[in-house]
Amino acid sequence: MAEEVKKQPVDDMPDWSAYRGVLVYIEHREGVAKSVGWQLLGQGKKLADKLEVDLMALVIGYNVQHLAEEAIAYGANRVYVCDAKELQNYRTRPYSRAAMKVIHDIKPEIVLFGATATGRDLAGAIATHLPTGLTADTTELDVEPHPSRLLLASRPAFSEKMMATILCKQYRPQMATARAGVFEALPKDTSRKGEIIHVEFEMDEAEIATKVLDFIQDQSKINIEEAEIIVAGGRGLGGPEPFKMLKELADELGGVVGASRAAVDAGWIKHEHQVGQTGYTVRPKLYFAVGISGAVQHLVGMQNSGLIIAINRDPDAPIFKVAHYGIVGDLFQIVPAITEEVRKRRGLSFLQQETAAANTAANEEGGIRV
């Protein structure tokens, strides 16, 4: 009689009990952190609380002790610091080696990176060498509780028409990159206490194939992900020329110009200005949506803005459903009027500041008040 063989269920997972904790990579440029790192600490805290584990941060660079202290202020319980001259500028091989050493030593169950050029490169290299899975450009992150403890990493799929949730059941750590502007950073609390652990890094310069000779910043390129004020235009502008009108308003407010996919696809403005699922996800304090109807793909990219002001001819435009304030009317009349009012108020503010300074000086000298 043949012996009955029991098949192992497909959903059975290996024992990953040795892996615990959520680790966030803190990206920086010349010692100045990218905001996506603090945003991921904010979301990582939620994941860590659900899993009842520590929230950890990883800082790699040269003379970056201050970033470790900032990471604690933004929510990290423990920060691992790899600080060495060879790590002064980002290069894939030394950074990935430093990160893998930390991951091998502390065994986090989840590792998160910003979906930036650097974050994508580093995460991909690490995932390949470990090896483990990597979900790229996520816009939603959650976890299943014990016993699965699975990272639910979701991202747009099928030409942005649906969301796909990707699981990594058979490997650890679970890794993902996340877009900037999607998650919200915790309030910075400099009174927080945490542990900073320095990790020894040894790698001879001769082992590194690349060398950074210089870094040249493209001054003409905008950084829409970091902007606090965005004035965005869409199909309702009717062409490229009206974007000059939006730039006037953006300049007066100290912001940048954004755009919908329709405007970019029409060739009216460069892709670096595009807000939405196929562009950039933003979280400014103030967002003007001018002539933008409010397609789902665009809303996903800006709906977490602090204050949204929509200007559109169509009172039924979907954009008004997410806007805090809506103006129905001719944008070619409304935008210049707002710009002029901003100029007046800025001028009045400047005059008030000058008057106050004159009054202070006169008082100190015992003179006449203005």
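Colleague: Which helix gives the most to the lining of the largest pocket?
Modeller: In this predicted model, the helix that contributes most to that lining does so with 3 residues. The element spans residues 117-129, and it is helix H4.

Colleague: How do the residues of that lining divide into nonpolar, polar and charged?
Modeller: The nonpolar residues of the lining of the largest pocket number 9, and the polar residues also come to 9. The remaining class, the charged residues, has 11.

Colleague: What is the volume of the largest pocket, and which residues are the closest to its centre?
Modeller: The largest pocket has a volume of about 770 Å³. It is lined by 29 residues, and the closest to the centre are Lys-34, Lys-221, Asn-223, Glu-225 and Tyr-280.

Colleague: Is Lys-34 buried, partly exposed or exposed?
Modeller: Lys-34 lies in the loop between strand E3 (32-33) and H1, and, leaving aside neighbours within four places in sequence, Lys-34 is in contact with Glu-27 and His-28. The C-alpha atom of Lys-34 is separated by 9.5 Å from that of Thr-116, although the two residues are 82 apart along the chain. Because the relative accessible area of Lys-34 is 27%, this residue counts as partly exposed.

Colleague: How much space lies in the second largest pocket, and which residues are the closest to its centre?
Modeller: The space in the second largest pocket comes to about 400 Å³. Of the 13 residues that line this pocket, the closest to its centre are Ser-35, Gln-39, Glu-226, Glu-228 and Arg-283.

Colleague: Which strands stand at the edges of the open sheet of 7 strands?
Modeller: The strands of this sheet are paired in parallel and follow the order E7-E11-E6-E1-E4-E5-E12. A strand at an edge has a single partner strand, so one of its sides is left without a neighbour in the sheet. The two strands in that position are E7 (134-138) and E12 (195-198).

Colleague: By what angle are neighbouring strands of this sheet turned against each other on average?
Modeller: The angle is taken with strand direction ignored.

Colleague: At what angle to E1 does helix H1 run?
Modeller: Strand E1 (residues 22-25) runs parallel to strand E4 (residues 55-61), to which 4 bridges join it, and within this pair Val-24 stands opposite Ala-57. Helix H1 (residues 35-51) lies across E1 and E4, and also across strand E6 (110-114) and strand E11 (174-178). Relative to E1, the helix runs at about 175°.

Colleague: What angle does the direction of helix H3 make with that of E4?
Modeller: Helix H3 (residues 92-106) packs on the sheet, where it touches E1, E4, strand E5 (78-83) and E6. The angle between the direction of H3 and that of E4 is about 150°.

Colleague: Which strands stand at the edges of the open sheet of 5 strands?
Modeller: This sheet has parallel pairing and the order E14-E13-E15-E16-E17. Each edge strand has a single partner, so one side of each is left without a neighbour in the sheet, and these strands are E14 (256-259) and E17 (325-328).

Colleague: At what angle to E13 does helix H5 run?
Modeller: Strand E13 (residues 229-233) pairs with strand E15 (residues 286-290) in the parallel sense over 5 bridges, with Ile-230 standing opposite Tyr-287. Helix H5 (residues 243-253) lies across E13, E14 and E15, and its angle to E13 is about 170°.

Colleague: Is Thr-139 buried or exposed?
Modeller: Thr-139 is found in the loop between E7 and strand E8 (140-143). Residues up to four places away in sequence not being counted, Thr-139 touches Ser-154, Arg-155, Pro-156, Met-163, Arg-179, Val-182 and Phe-183. The relative accessible area of Thr-139 is 11%, and a residue under 20% is classed as buried, so Thr-139 is buried.

Colleague: What is omega for the cis peptide bond that joins Arg-172 and Pro-173?
Modeller: Pro-173 is found in the loop between strand E10 (162-166) and E11. A cis peptide bond joins Arg-172 to this proline, and its omega is about 0°.

Colleague: Is Asn-63 buried or exposed?
Modeller: Asn-63 sits in the loop between E4 and helix H2 (65-73), and has a positive phi of about 60° although it is not a glycine. The relative accessible area of Asn-63 is 53%, and the cut-off for the exposed class is over 50%, so Asn-63 is exposed.

How values were computed. Residues numbered from 1 in each chain as written. Predicted model: local features only at pLDDT ≥ 70, side-chain atom pairs only at ≥ 80, totals over all residues. Heavy atoms only, no water. 1 Å grid on protein atoms, 1.4 Å probe; cavity = no way out; pocket = protein on both sides within 12 Å on 5 of 7 lines; lining within 4 Å. Points joined across faces, edges and corners; volume = space filled by probe spheres on them. Nonpolar A, V, L, I, M, F, W, Y, C, P; charged D, E, K, R; others polar. Pairing = 2+ DSSP bridges. Axes fitted to C-alpha atoms, helices over the stretch in contact; angles between N-to-C directions. Contact = heavy atoms within 4.5 Å. Buried < 20%, exposed > 50% of the residue type's maximum accessible area, 1.4 Å probe, protein only.
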